[in-house]
Amino acid sequence: MSTPRLRGKPPVWVFVAATIAAVAVALTALAVLGSRSLPARTGPPVEQLAVERTVLTPSVIELTVRNTGPDPVQIAQISVNDAYVAFTGSTEPLNRLGKDVLRLDYPWQEGQPYAVSILTSSGAVIEHEIAAAVETPATGGNLLGLMVLLGTYVGVIPVALGMVFLPVLRRAARSVVRVLLALTVGLLAFLAGDAALEGLELAERSGGAFGGPLLVFLGAGMAFLALTAVDRFLTNRSREQADSPASLDSADGTNGRRLAFMIAIGIGLHNLGEGLAIGSAYAVGELALGTALVVGFALHNTTEGLAVVAPLTRQRPSLLRLLALGLLAGAPAIVGAVIGAAVDNAALASLLLGVGVGAIVQVIIQIAPALRNQTGRYLDPATTGGVAAGLLIMYATGLLVAA
Amino acid sequence: MSGASRRGFILGGAGVALGALPGSARAADGDPSPSAHAGHGDPSPHAGHGVHGGGINGPMFRGGAVDHATNGFNPSDVLRDFDYGKVSKLPNGRTLREWEIFAADKEIEVAPGVRFPAWTFNGRVPGPTLRCTAGDRLRVRFVNASEHPHTMHFHGIHPAEMDGVPGIGRGVIEPGGDFVYEFDAEPFGLHLYHCHVGPLAEHIARGMYGTFIIDPPKPRPKADELVMMMHGYNTTFDAQGNQLYAVNGIPFHYMHEPVRVKRGELVRIYLVNILEYDPINSFHLHGNFFDYFPTGTRLEPSEYTDTVVQAQGQRGICELRFPHVGKFMFHAHKSEFADLGWMGFFEVTE
């Protein structure tokens, strides 16, 4: 604030403004001059289309396509299983990232596979496979209800079932709890890998306009950072509480609650991705393949409830708190299912699956300190055995889903 | 199996109430059909409206027809467009026929909105139908106005140096070059010509072919004569089959503009297959049969049929009369090709 300093040096904002201006000038110059020195792109236009959503109604196949390439795409004709079909849609070229809905007139049969070939004005063909045609459920209140029910089936109920083991865990020795936490780490690690692979696979389908596989990593990174922030916040608050003499909680007990909370969030974000998978599978009719999918998911998720309550063996949380934890872990499956069925967008789905992955990785880091034995070692035979068992259980129950 | 029942199965007992919802939603939308899936897999034609719906009337292009004027040719004209050349007499009394054919690169609209960078003879696909009589002296001056090397290779009997293949006689005609192919017309029959520069498949698939007819010394009976050259377009240029199949240039053309013929009149079809990338092609006629003369080198038909199969380069003459008026379909009986464009109508009138 002193006058001499003002006179000697300009204020900070001037520096900032000058720097930004200099960078802007440099970038503009680069854009103007650089674009001139670059050779023009030659060869045929790069034509890419991603089919973001497929809706089947009697005698109509409706495709939502997006131009994911650098050049405009003019859709000229469309054939289904090598037969040209009448269709409606824009007659103008689709610009980069532009979206269009094509309604194809075709007498498709339930359960049959279809190959849709989109012929562009330049004669290029963009293929889209429909693995098994099943009428798309009408969106609206009914679908919402159905997805809520399915989400409850695969999310909330199994998690609650897993949490029922809490009294059993209470009677167990501390070393048993340690092994159970190790088991949880194994379960979560498997889920993270599984979700990452699924996210990457979905990202392939999205055409890459919004980043493709990068979306999975972006989602994972953001979720990891966000959860770390939540964790720091909770840690600080619990420290303050522990310092205050009014607090009845031991530092250990608070830590267990915090851990349970973080695990619930992590699993919840994972279940969001899982719900998404169910919802979008339902939207394209794949869920109709059988009850095995739902039963498999449910069994798979029971272990998640176990993971949530594993850190709570040393205290007596209220039923309300347990319920809240269960919903936090399980209910996102409902949200995911609703989003998945309503949106059916591969890019969004891969982003959300990435979010689940980041959340799980964060949770694993949270749990890790609790795995230490008296000598401070993380990986003794008991915990390695627990982690391995967790991986194997997830693998085995995962097989049920594929059935 | 209906989706509704499947849903009920998934949801089990708890889902009974919700499982019933999709049906009630239809009712609310004003759809009187008892099930959203009525008719799918139900062979009954009375299973309710919207059962079959769209697509059952056959293949279709969006946007109607292509721009024939810009293309520079119309398949309806190609049908009866016979080019007899410039006719004169040689000192020895023989008939001399002279043509000038040019090769040119030309983008043509092969389906509404689909452009194909074709290589053409005289700016059209297929090239002109050259017609002469057995024993005529033929002089074909070929001018290569394309940016690619080409030749003209004629089926028939002629000296080696007139064969239009690389390395023999004049061989490849480079861009800007020209050459006169000169030979006698023999044997009589239905032949074809095409470019023979490598890669051969691409030079043919790009559109460099045409029909070559040598009439017998004693002309065939008078008839309404039609040329039909079967071919396709591999628009992706991957040599894996074709995206479009056609007769005389434009897929589905004769669906919109049927081939008009008279009832009871003799119709003679010069049918040539120059389809590339697929091993066979075929021709099937509805509501009629025809006499078939393979390659047209004999005057007696080999069979009486409604369907013939031709490999690439194979051809034959079909002779028939339509006893009934009305529209009669003709198409490749390789049905896939029909669905992809090789399909049309005869319209028979009094």
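## Cavities, cores and ring pairs in a predicted model

The second largest cavity has a volume of about 60 Å³. A cavity here is a set of points, on a 1 Å grid over the protein atoms alone, where a 1.4 Å probe fits but cannot get out; grid points are joined across faces, edges and corners, and the volume is the space filled by probe spheres set on the points. The residues that line this second largest cavity include B:Phe61, B:His68, B:Pro112, B:His253 and B:Glu257, where a lining residue has an atom within 4 Å of a point. The structure holds six cavities of 30 Å³ or more.

This is a predicted model, in which local features need pLDDT of at least 70 and side-chain atom pairs count only at pLDDT 80 or more, while totals for chains, interfaces and linings use all residues. Residues are numbered from 1 along each chain as its sequence is written, chains are lettered from A and ligands numbered from 1 in the order in which they are written, and side-chain values use heavy atoms, with hydrogens and water left out.

Chain A has 12 helices and eight strands, taken as DSSP runs (helices H or I, at least four residues; strands E, at least two) and numbered from the N terminus. Of its 403 residues, 48% are buried; buried means under 20% relative accessible area, exposed over 50% and partly exposed in between, with a 1.4 Å probe and protein chains only. Among the contacts in chain A with a separation of 6 or more, 77% join residues 24 or more positions apart, a contact being heavy atoms within 4.5 Å.

A:Arg66 belongs to strand E2 (residues 60-67) of chain A. A:Arg66 counts as buried because its relative accessibility is 14%. Leaving out residues up to four places away in sequence, its contacts include A:Gln48, A:Glu52, A:Lys99 and A:Phe210.

The largest nonpolar core has 64 residues, of which B:Met228, B:Ile269, B:Phe283 and B:Phe346 touch the most other members. Such a core is a set of buried Ala, Val, Leu, Ile, Met, Phe, Trp, Tyr and Cys residues joined through side-chain atoms within 4.5 Å. Strand E11 (residues 224-233) of chain B contributes the most to this core, namely six residues. Another core, of 44 residues, lies apart from it and includes A:Val357 and A:Val387.

Over all chains there are 25 aromatic pairs. Rings of Phe, Tyr and Trp (its six-membered ring) pair if their centres lie within 6.5 Å; planes under 30 degrees apart are stacked, over 60 edge-to-face and the rest tilted.

| Pair | Centre to centre | Angle between planes | Type |
|---|---|---|---|
| B:Phe289 and B:Tyr304 | 5.4 Å | 45 degrees | tilted |
| B:Phe330 and B:Trp342 | 5.8 Å | 70 degrees | edge-to-face |

B:Phe289 lies in the loop between strands E15 (280-285) and E16 (290-294) of chain B and B:Tyr304 in strand E17 (residues 303-305), so the pair ties together parts 15 residues apart in sequence. B:Phe289 is partly exposed at 36%, whereas B:Tyr304 is exposed at 57%. B:Phe330 and B:Trp342 are both buried. A cluster linked by ring pairs includes B:Phe283, B:Phe330, B:Trp342 and B:Phe346.

B:Arg131 lies over the face of B:Phe82, 4.7 Å from the ring centre. This requires NZ of Lys or CZ of Arg within 6 Å of the ring centre and within 35 degrees of the ring normal.

How values were computed. 1 Å grid on protein atoms, 1.4 Å probe; cavity = no way out; pocket = protein on both sides within 12 Å on 5 of 7 lines; lining within 4 Å.
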